[in-house]
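Visitor: Please take me on a close look at the pockets here, starting with what counts as one.

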Amino acid sequence: MNGKAAQDNRSGAWVAAALSRTRIVLINTTHPGNIGAAARAMKVMGLTQLHLVTPKTFPSAEATALASGADDLLQRAVVHETLESALDGCSMVLGTSARLRSLPMPQMDVRAAAERALAEPGGMDVAVLFGRESYGLTNDEMQRCHQLVHIETNPEYGSLNLAQAVQVVAYELRMAALAGVPAAAAALDRVAVDAGQMELFYEHLERTLLDLEFLNPAQPRRLLMRLRRLFNRARPDQNEINILRGILAAAQRAAGTALSSRNKWGQSKNTADE
């Protein structure tokens, strides 16, 4: 093998390895043909991880037909009952959406998102979420995302079907890989936190804010959305999450002590009044 062939081989191996860390996650897909067409779009660009969350029909002969030679991706596709399961082991989550939100979230165009995905440090995967054909991702699903990804289209007609959107994202990921986007340098003590750990943190945060009576239990959503946006932007690592969880636990203990003291004081006062 000559030097150029060896270099090309190394380059091809690097591109394949870089793309192998990206999961394409299709949520609640209605038409099985879209799953097959998405698999074809992925294989053409060298993506290999297809994850399906509660598809309406799968496996399906229609999906196989439209995969047009990408049957292996369909055979290896992982079907999940929950989005949490599909995101297990992912340190970064990108969500595709063209819908505006009352609470703005960080957004980037698809080219910048592809470069950011390939620059993600550590050994975990990056997930790219695609919602339902009719209305895309729900608000709750978007709250799981670190960034929303926008595909720039004709402002007078921006209708892309699911497989077309997957094709655009897959193309940009391949172009970023071929350009040799380097992995971001990570601090020696930085260990990435996956999506499941972040959800446990958000649950702990909500419980603590309720214990502290800081969060209105009747209307918790908007504050929690803002806090999610804050921590998704900050991207805390494992050490930082451990510190934050420790602070929350200490705050809960302090809140419990204060509540106990108030109860004792109230009982003593009642006894004295009697």
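Guide: On a 1 Å grid over the protein atoms alone, a pocket is an open set of points where a 1.4 Å probe fits, with protein on both sides within 12 Å along at least five of seven lines; a lining residue has an atom within 4 Å of a point. You are looking at a predicted model, in which local features need pLDDT of at least 70 and side-chain atom pairs count only at pLDDT 80 or more, while totals for chains, interfaces and linings use all residues. Residues are numbered from 1 along each chain as its sequence is written, and side-chain values use heavy atoms, leaving out hydrogens and water.

Let's begin with the largest pocket, whose volume is about 490 Å³ (the space filled by probe spheres set on grid points, joined across faces, edges and corners). Its lining has 23 residues, and nearest the centre you will find Thr96, Ser97, Ala98, Leu160 and Ala165. By class, the lining holds 10 nonpolar, 10 polar and 3 charged residues. Here Ala, Val, Leu, Ile, Met, Phe, Trp, Tyr, Cys and Pro count as nonpolar, Asp, Glu, Lys and Arg as charged, and the others, Gly among them, as polar.

Now move to the second largest pocket, with about 280 Å³ of space. Of its 14 lining residues, Glu199, Tyr202, Glu206, Arg221 and Arg228 lie nearest the centre. The whole lining counts 5 nonpolar, 1 polar and 8 charged residues. Helices α7 (139–143), α9 and α10 each supply at least two of the lining residues.

Two of those helices also pack together: α9 (residues 195–211) and α10 (residues 221–234) meet at an angle of about 135°, with axes 11 Å apart. Axes are lines fitted to C-alpha atoms over the stretch in contact, and angles run from 0 to 180 degrees between N-to-C directions. That makes α9 oblique to α10, since under 35 degrees is roughly parallel, over 145 roughly antiparallel, 65 to 115 roughly perpendicular and the rest oblique.

Met198, Glu199, Phe201, Tyr202, Leu205, Glu206 and Leu209 of α9 make the contact with Leu224, Leu227, Arg228, Phe231 and Asn232 of α10 (heavy atoms within 4.5 Å). These contact residues comprise 8 nonpolar, 1 polar and 3 charged. Look again at Glu199, Tyr202, Glu206 and Arg228: they belong to this contact and are among the residues nearest the centre of the second largest pocket.

Definitions and conventions: Helices (H or I, at least four residues) and strands (E, at least two) are DSSP runs, numbered from the N terminus.
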